[in-house]
Amino acid sequence: MSARQRRSERHEQISDTALLLLRRCGENVTGLAASLGQDRTNVSAKVHGSRLWTVDDLDRIAAHFGISLLELLSGAQVALEALPPERRTSTARQTALPAA
C-alpha cells in the first residue's frame, strides 16, 4: 500500500467519523462550519471527502464535540464512545458503525 493510499484511507476515516459525530449529536454541516469559522460549502466538501482537513480543523472539530484530538483520530467507535453525555441527542438517528 502506498503512502498516498494510506493518506486517502485516513482522510476517509476522519470524514466518516466527523459525519457520524454530527449525526449522533443531531447537528448538521452548517453548525459545524460556524463552529470552525468556515464556509458551509468548504466544510461540506471536507465531510464528504472532496477536500482535505487541516490539522487546525481537526483540533477544532475535537473541541466542538468535547473530545480529544486523539479520540477523534482513533476512529468512529472511540470518538462516539468519548462523546460527553450532554452532546448526545436522544432524538439523533442511531447510526450503525461499519464493520471493521
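A residue is called buried when its relative accessible area is under 20%, exposed when that area is over 50%, and partly exposed in between (1.4 Å probe, protein chains only). By this scale Glu27 is partly exposed, with a relative accessible area of 24%.

The model shown is predicted: local features need pLDDT of at least 70, side-chain atom pairs count only at pLDDT 80 or more, and totals for chains, interfaces and linings use all residues. Residues are numbered from 1 along each chain as its sequence is written, and side-chain values use heavy atoms, with hydrogens and water left out.

**Figure 1. Overview of the chain.** The chain holds six helices and zero strands, and its elements run α-α-α-α-α-α from the N terminus on. Helices (H or I, at least four residues) and strands (E, at least two) are DSSP runs, numbered from the N terminus. Of the 100 residues in the chain, 37% are buried.

Figure 2. Helix H2 spans residues 29-36, and its buried residues are Val29, Leu32, Ala33 and Leu36. Seen down the axis of H2, these buried residues fall within an arc of 100 degrees, so they line one face of the helix. The arc is that of the directions from the helix axis to the C-beta atoms. Just after H2, Gly37 adopts a positive phi of about 70 degrees.

Figure 3. Helix H4 covers residues 55-65. The residues buried in H4 are Asp57, Leu58, Ile61, Ala62, His64 and Phe65. They cover an arc of only 160 degrees around the axis, which puts them on the same side of H4. The face turned away from this buried side carries the exposed residues Val55 and Ala63. Just after H4, Gly66 takes a positive phi of about 75 degrees.

Figure 4. Side chains of opposite charge can pair when their charged atoms come close. A salt bridge is here a side-chain nitrogen of Lys or Arg within 4 Å of a carboxyl oxygen of Asp or Glu, and the count by this rule comes to two. One of them joins Arg87 to Glu27, whose closest N and O atoms are 2.7 Å apart. The pair links distant parts of the chain, 60 residues apart: Arg87 is in the segment after helix H6 (76-82), and Glu27 is in the loop between helix H1 (3-24) and H2.

**Figure 5. The salt bridge between Asp57 and Lys46.** In this salt bridge the closest N and O atoms of Asp57 and Lys46 are 2.5 Å apart. Asp57 lies in helix H4 and Lys46 in helix H3 (residues 40-47), so the pair ties together parts that are eleven residues apart in sequence. Both Asp57 and Lys46 are buried.

Figure 6. Two packed helices are described by the angle between their axes and the distance between the axes. Axes are lines fitted to C-alpha atoms, for helices over the stretch in contact, and angles run from 0 to 180 degrees between N-to-C directions. H2 and H3 pack at an angle of about 110 degrees, with their axes 8 Å apart. For H2 and H4 the angle is about 115 degrees and the axes are 10 Å apart. Angles under 35 degrees count as roughly parallel, over 145 as roughly antiparallel, 65 to 115 as roughly perpendicular and the rest as oblique. H2 and H3 are therefore roughly perpendicular to each other, and H2 and H4 are likewise roughly perpendicular.

Figure 7. Ser35 is found in helix H2 and is partly exposed, with a relative accessible area of 37%. Its side chain makes a polar contact with the side chain of His64 at 2.8 Å. A polar contact is a pair of N or O atoms within 3.5 Å; within protein, one must be able to donate a hydrogen and the other to accept it, and residues adjacent in sequence count only if both atoms are side-chain atoms. Arg60 belongs to helix H4 and, at 41% relative accessibility, counts as partly exposed. Ser35 and Arg60 are 25 residues apart in sequence and 7.8 Å apart in space, C-alpha to C-alpha. Arg60 and Leu36 are 24 residues apart along the chain, and their C-alpha atoms are separated by 6.2 Å.
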